[in-house]
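Hello,

Here is the structure I promised to pass on to you. Please have a look at it first, and then read on for my notes on what turned up in it.

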Amino acid sequence: MLAVYIIIGVVVVLAIVLWLLYNGLVRLRNQVKNAWAQIDVQLKRRHDLIPNLVETVKGYMKFERETLEAVTKARNIAQQASSAGAGERAKVEGELSSALSRLLAVVERYPDLKANQNFMALQEELTSTENKISFSRQFYNDSVLRYNNQTQMVPSNIVAGMFGFKAGEFFEVTLAAEREPVKVSFTQ
Amino acid sequence: MGALLILIGYFLGLYFDSAITGLVIAILLWAILSLVAYFQGDGILLGMSRAKKIGPDDHPRLYNVVEEMKIASGLEKMPDIYIIDDPALNAFATGRNPNKASVAITSGLLQKLNRDELQGVIGHEISHVKNRDVLLMAMCSILLGTIVLLAWYGSRFLIFGGAGSRRSSSSGGGGGAQIVILVVALVFMILTPIFAQLIYFAISRKREYLADASSALYTRYPEGLASALEKLGASTGQLKSANKATAPMYIVNPFRQKGMKASDLSSTHPPISERIRILRAMAGASFNDYDQAYRQVHQGGKGVVPAASLAAATVPITTVKLEGEAGELNEIQRVRETSDAMWRLSNYKTITCDCGAKLRVPPNFKEPQIKCPHCGRTHQV
């Protein structure tokens, strides 16, 4: 009789442990999904801002056609890739970032443009969106790290294997130009 | 601190012939105050400081920075943002849980800080929200308040009130023991509030360090907060609307005095110079780095960040940013930006005349046209 109770007890304890581990993994996976959705929102926001920016800037920058075209092109490529995985997206968005920072560096040569109210508001939005992208990326990567650790460490890796929890993909910035913030020199 | 409350209630009860009565009084008082603070605390605090709520269009820079920090901290809901129209430099966070939180900043501070510094300060406040410090400190301060209140009334009763009737009822026997209890209770009632206060200060200071560490982690840039604290430390203006009860909510102690000692026990905040030294000594931006910097500044001893949150991987600090980065406003522009927002929040209309003058039209101005007092052009209102 005692043996039966012990077996029942062990089974119950195991079930509880399994349940807790499973729920923990689900919670972390949902956090990763949420964080990814946040990046997505900010990237979309950037895609929406760019046509506006190009339109405002166009009238002032007659000699920067190439820079402007590069931005528009990078934006269109990035927008088409918006359903791709984290790795692929990070690459095209990185290129858009560097095209944008080249444009904003060029703006320094146009004092009239810099004083334009419309442009100043746009620039605040753009700066903030860039920050939001990097902060949401930061949070996403932290979440992925936590989730991946959990799927690889004993004992939760057993549960992860049983229920098919796959490791998450980091949103890494691959371009060297994107890693370094652009330095703008004021002395020409 | 809860234990202290129960003890003081017990001794107060001894005076009323039953310890239970005292306990019930203590717990009831505490419960009522807690409930009020829980449901109305943020409203009372914001109302007392005459804070004005802003939307995304009122002050885009502030709104964006708060949203950035919300994203960095992984907070689920955007906190409400308030501006206090006061030249003193300070900021605070309030709200009973992370889903119903508010961040408030004085207009003076908003004008003084560049983007990185503002990010550091807001990161500090958001982490108070995220770590649920607001609720913790509110509950602690109410516990403290209850203890002080009870001790004050208790000692008045013991010294002035009802002594005659007590003596007649206890004169039969054990009068000596009664007096001993009375003396113990009296000493206790004098000491308890002091102890409670010290505990409260210690908790408060610890949460400040933790919020600094979190801010550095969120922004990945401890220098932003350090340089903001430097500006905060250099100012001497006191916040008009702050009082002793709300002091621990602010980013720096609104009643601070110059030259405070590092080991001062009677402050809700660690000295600013020390907080700056720790932030500047950080080698990376993780909690671990903050803990090491803290030990370094304090010459060994215990760390300040709870061990559970130390397990983070190495986190590098963002490459050095500079004031004057592309698009960064200078101080004059920030003053204009903030004062424009404050006028708008008071329902004034702003008309910019071609001559460069700005006309502020009060809400009760009924005429359809207004003349610029500087150059004489007429404008439609």
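**A buried arginine in chain B**

Arg220(B) is buried, because 20 other C-beta atoms lie within 10 Å of its own. (A residue is buried if 20 or more other C-beta atoms, placed from the backbone, lie within 10 Å of its own, exposed if 12 or fewer, and partly exposed in between.) You will find Arg220(B) in the loop between helix H8 (175-219) and helix H9 (222-234) of chain B. Helices here are DSSP runs of H or I with at least four residues, strands are runs of E with at least two, and both are numbered from the N terminus. The phi angle of Arg220(B) is near 55°, a positive value in a residue other than glycine. From Arg220(B) to Lys206(B), 14 residues apart along the chain, the C-alpha atoms are separated by 21 Å.

Before going further, please keep in mind that this is a predicted model, in which local features need pLDDT of at least 70 and side-chain atom pairs count only at pLDDT 80 or more, while totals for chains, interfaces and linings use all residues. Residues are numbered from 1 along each chain as its sequence is written, and chains are lettered from A and ligands numbered from 1 in the order in which they are written.

**Chain B as a whole**

Chain B has 12 helices and eight strands. Of its 381 residues, 41% are buried. Two residues are in contact if their C-beta atoms, placed from the backbone, lie within 7 Å. Among contacts in chain B between residues at least 6 apart in sequence, 64% join residues at least 24 apart.

Where the two domains of chain B touch, four residues of domain 1 are in contact with four residues of domain 2. On the domain 1 side of chain B, the touching residues are one nonpolar, one polar and two charged. (Ala, Val, Leu, Ile, Met, Phe, Trp, Tyr, Cys and Pro count as nonpolar, Asp, Glu, Lys and Arg as charged, and the others, Gly among them, as polar.)

**A helix pair and a loop in chain B**

How do H3 and H5 of chain B pack? Helix H3 (residues 60-73) and helix H5 (residues 115-130) of chain B meet at an angle of about 50°, with their axes 9 Å apart. Axes are lines fitted to C-alpha atoms, for helices over the stretch in contact, and angles run from 0 to 180 degrees between N-to-C directions. H3(B) is therefore oblique to H5(B). (Angles under 35 degrees count as roughly parallel, over 145 as roughly antiparallel, 65 to 115 as roughly perpendicular and the rest as oblique.) The residues of H3(B) in this contact include Val65(B), Val66(B) and Met69(B), and those of H5(B) include Leu118(B), Ile122(B) and Ile126(B). By class, the contact of H3(B) with H5(B) has six nonpolar, four polar and four charged residues.

Arg132(B) sits in the loop between H5 and helix H6 (133-159) of chain B. Although not a glycine, Arg132(B) has a positive phi of about 60°. Arg132(B) is partly exposed, since 15 other C-beta atoms lie within 10 Å.

**Helices of chain A**

In chain A, the axes of helix H1 (residues 2-58) and H5(A) come within 8 Å and cross at roughly 160°. H1(A) and H5(A) are therefore roughly antiparallel to each other. Their contact divides into 17 nonpolar, 12 polar and seven charged residues.

Helix H5 (residues 117-152) of chain A also packs with helix H6 (residues 156-163) of chain A, at an angle of about 95° and with axes 5 Å apart. That makes H5(A) roughly perpendicular to H6(A). Here Gln150(A), Thr151(A) and Gln152(A) in H5(A) meet Ser156(A), Asn157(A) and Ala160(A) in H6(A). The contact of H5(A) with H6(A) has one nonpolar, five polar and no charged residues.

Pro155(A) lies in the loop between H5 and H6 of chain A. The peptide bond from Val154(A) to Pro155(A) is cis, with omega near 0°.

Met162(A) and Tyr22(A) are 140 residues apart in sequence and 9.9 Å apart in space, C-alpha to C-alpha.

Best wishes
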